[in-house]
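I opened this notebook to keep a record of what I looked up, entry by entry.

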Amino acid sequence: MSDTPFGFGLPPEEPDDGDEGKKKDNQGGGAGQGANPLGFGMPGMPGIGPGGGDNPFAAMFGSLNPADLGAAFQQLGQMLSYEGGPVNWDMAKQIARQTVAQGTADGTKDASVGAAERHAVDEAVRLADHWLDGVTALPSGASTSVAWSRAEWVEATLPVWQELVDPVAERVGAAMGDVLPEEMKSMAGPLLGMMRSMGGAMFGTQMGQAVGTLAGEVVGSTDVGLPLGPAGKAALLPLNIEALGKDLGVPLEEVRLYLALREAAHQRLFAHVPWLRSHLFGAVEGYARGIDVDTAKLEDAVSQLDPSNPEQLQEALQQGMFQPEDTPQQKAALARLETALALVEGWVDAVVHEAAKPRLASADALRETLRRRRASGGPAEQTFATLIGLELRPRRLRDASRLWASLADARGADGRDALWEHPDMLPTAHDLDDPDGFVHREHADFSELDKLLGEAAGGPSLSKDRAEDAEEPGKKDKGSGDEGDGQEGGEGSR
C-alpha cells in the first residue's frame with residue numbers, strides 16, 4: 001500500500017473472475033500495470049502487454065483484439081461519464097475485489113468460508129463474550145457472529161469507507177476546481193466535468209487498492225479502531241487469522257480466541273457508547289477539513305494538462321500536494337483524532353488482557369505480537385497514512401492501555417467504564433502523559449445531566465439504559481449463550 005496520500009496506481013492483473021465466469025488470458029502481462037493511473041487498461045483486461053503501463057492509451061488499444069475493443073471503450077466511457085460524488089465507489093469496489101482475487105504477497109488466495117470455520121468463529125465469539133462479562137461493566141454488543149472471506153469483508157465495509165473518505169476527497173476535488181481563474185470557469189465546463197470524473201476515478205482507484213490490500217491483512221471488522229462492519233455483528237476472517245498465527249508457535253484455537261476477544265470488546269464499546277461513533281467520524285472529518293492542497297502545483301498541472309496524457313496530472317498529485325495545514329486548529333484536530341483512537345484501542349487492549357491473562361498461556365505473547373504489528377505499520381497505520389497522511393502513534397496506544405488498567409485498579413471496572421458516559425469525561429492527550437494524575441483526580445458526574453437530556457428529548461438516557469441492563473440479566477448475555485453466568489462484573493449500575 002502506498003505511503004503517499006492518495007497515490008494513484010493500479011494492482012496487477014486479476015486472476016479468474018468468479019463473479020463473471022470469465023477466464024484469464026495467460027498472455028496478458030500483469031507486471032508493469034501498477035503505475036497505470038486512471039483505470040486505463042485496468043486489471044482483468046486481456047491482451048495488455050507489459051510495456052503498457054507507461055502509456056495508458058497504448059496499453060488500452062495497442063494489443064487489444066477486436067473482441068475486447070468494445071469493452072475497453074465502454075470502460076473508458078464509464079469513467080469519463082461518472083457524475084457521482086467525489087469518489088467513484090463503483091470503480092473502488094471493482095478494483096478492491098480484483099486486488100483480493102490476486103491473493104496476498106505470500107501467495108495466499110481468498111476462499112469461501114466453510115461450515116467448520118464458521119462454527120469455530122461462533123464458538124470463539126461466544127466464549128469471548130462470556131469471559132468479557134467478568135472484566136467490563138459494558139454488556140455484550142454482538143447479537144450475531146460471522147466468519148467472512150476477504151471478498152465479504154470488502155463488500156461489508158465499503159459503505160463505512162465511503163463515509164470516512166468522501167470528506168477528504170470532497171476537499172481535494174473542490175481545490176481542483178478552484179485553480180482555474182474566474183473568467184475561465186464559465187468557458188471550462190467540459191474540462192471541469194472531465195476533471196471531476198478523472199478525480200473520482202483516481203480516488204476510486206486508490207481506495208480500491210487500499211481496501212483490497214487491507215482485506216488481505218485484517219482479522220476482523222474493527223482492526224483500524226473504527227466500526228467498519230454492520231452494528232452488532234462480530235466478524236472474523238479465518239483465512240487471515242490462520243496466516244497471522246502461522247509462525248507464532250501458538251495453537252490456532254488460542255489465536256482465534258484472543259482475536260475474538262478483541263472483536264467482541266470493540267463491539268461492546270461501540271454498541272453501548274452511543275456518541276462514540278459520531279465522535280470518531282467527526283474527528284476524521286475535522287482533520288480532513290484542515291488538509292491543504294498545494295494550489296501552485298495543481299495550477300501548473302492543470303495549465304499543462306493534456307487530455308490524452310493524464311499521467312501529467314497524476315505525477316503532480318503524487319508530489320506532496322496534499323499536506324495538513326500547520327495551524328493551531330489543525331493540530332487540535334489531529335490531537336483529538338489520535339487521542340480518541342488511542343483511547344478506544346487502549347481500552348480494548350486493557351480489557352482483553354485482563355480477560356485473557358488468567359486463561360490463555362499465550363496471552364502476553366499475543367498481546368505483544370499485535371502491538372508490534374501495529375507499530376511496524378499494521379492495517380490501521382497504513383490505511384490512515386494512505387487516506388489523510390495520518391499515522392497513529394503506538395506510544396499513545398500503550399499509554400492509553402496503562403491509563404485504563406490503572407483506572408480499573410483504582411476504581412474497579414464500573415468506575416473505569418463510567419467514563420464512557422460522556423465525551424467530556426474521557427482522558428485528554430495531556431492525561432495520557434500523566435495517567436496517575438488523571439486516575440486520582442475528581443471527575444464530574446454527567447449521569448444526571450444525561451438523564452435530564454434524555455427525558456427532555458422524549459427518550460431513555462444512557463444511564464437509564466444501563467440500569468435496565470442491570471435489572472434484566474438475560475439481556476446482558478444476548479448472543480453469548482451463557483445466561484445467568486458471569487454477571488458479577490456487569491451488574492454495577494452507575
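**Entry 1, a term to settle.** Before reading any accessibility value, I noted that buried means under 20% relative accessible area and exposed means over 50%, with partly exposed in between. I also noted that the model is a predicted one.

Arg97 lies in helix H3 (residues 89-102) and Glu155 in helix H5 (residues 150-178), so the pair ties together parts that are 58 residues apart in sequence.

I turned next to Asp133, which forms a salt bridge with Arg268, the closest N and O atoms being 2.7 Å apart. I traced Asp133 to the loop between helix H4 (115-132) and strand E1 (144-147), and Arg268 to helix H9 (residues 252-272), so that the pair links distant parts of the chain, 135 residues apart. Is Asp133 buried or exposed? Its relative accessible area is 0%, and therefore I wrote down Asp133 as buried; Arg268, likewise at 0% relative accessibility, counts as buried.

I then found the side chains of Arg416 and Asp417 meeting in a salt bridge, at 2.8 Å from N to O. Arg416 is buried at a relative accessible area of 1%, and Asp417 is buried at 0%. In total, I recorded 18 salt bridges in the structure.

Which residues have the most contacts inside the largest nonpolar core? They are Trp153 and Trp420, in a core of 93 residues. Helix H13 (residues 328-356) supplies the largest share of this core, 14 residues. Leaving aside neighbours within four places in sequence, I listed the contacts of Trp153, among them Trp148, Trp161, Val211, Leu214 and Leu237.

Finally, I checked helix H10 (residues 276-289), which packs with H13 at an angle of about 145°, their axes being 9 Å apart. The crossing of H10 past H13 is left-handed. Among the residues that meet are Leu276, Leu280 and Tyr287 in H10, and Leu334, Leu337 and Val344 in H13. I sorted the residues of this contact into 11 nonpolar, four polar and one charged.

Methods
Residues are numbered from 1 along each chain as its sequence is written. This is a predicted model: local features need pLDDT of at least 70, side-chain atom pairs count only at pLDDT 80 or more; totals for chains, interfaces and linings use all residues. Side-chain values use heavy atoms; hydrogens and water are left out. A nonpolar core is a set of buried Ala, Val, Leu, Ile, Met, Phe, Trp, Tyr and Cys residues joined through side-chain atoms within 4.5 Å. Buried means under 20% relative accessible area, exposed over 50%, partly exposed in between (1.4 Å probe, protein chains only). Helices (H or I, at least four residues) and strands (E, at least two) are DSSP runs, numbered from the N terminus. Contact means heavy atoms within 4.5 Å. Axes are lines fitted to C-alpha atoms, for helices over the stretch in contact, and angles run from 0 to 180 degrees between N-to-C directions. A crossing is left-handed if the near helix is turned anticlockwise from the far one by less than a right angle, and right-handed if clockwise. Ala, Val, Leu, Ile, Met, Phe, Trp, Tyr, Cys and Pro count as nonpolar, Asp, Glu, Lys and Arg as charged, and the others, Gly among them, as polar. A salt bridge is a side-chain nitrogen of Lys or Arg within 4 Å of a carboxyl oxygen of Asp or Glu.
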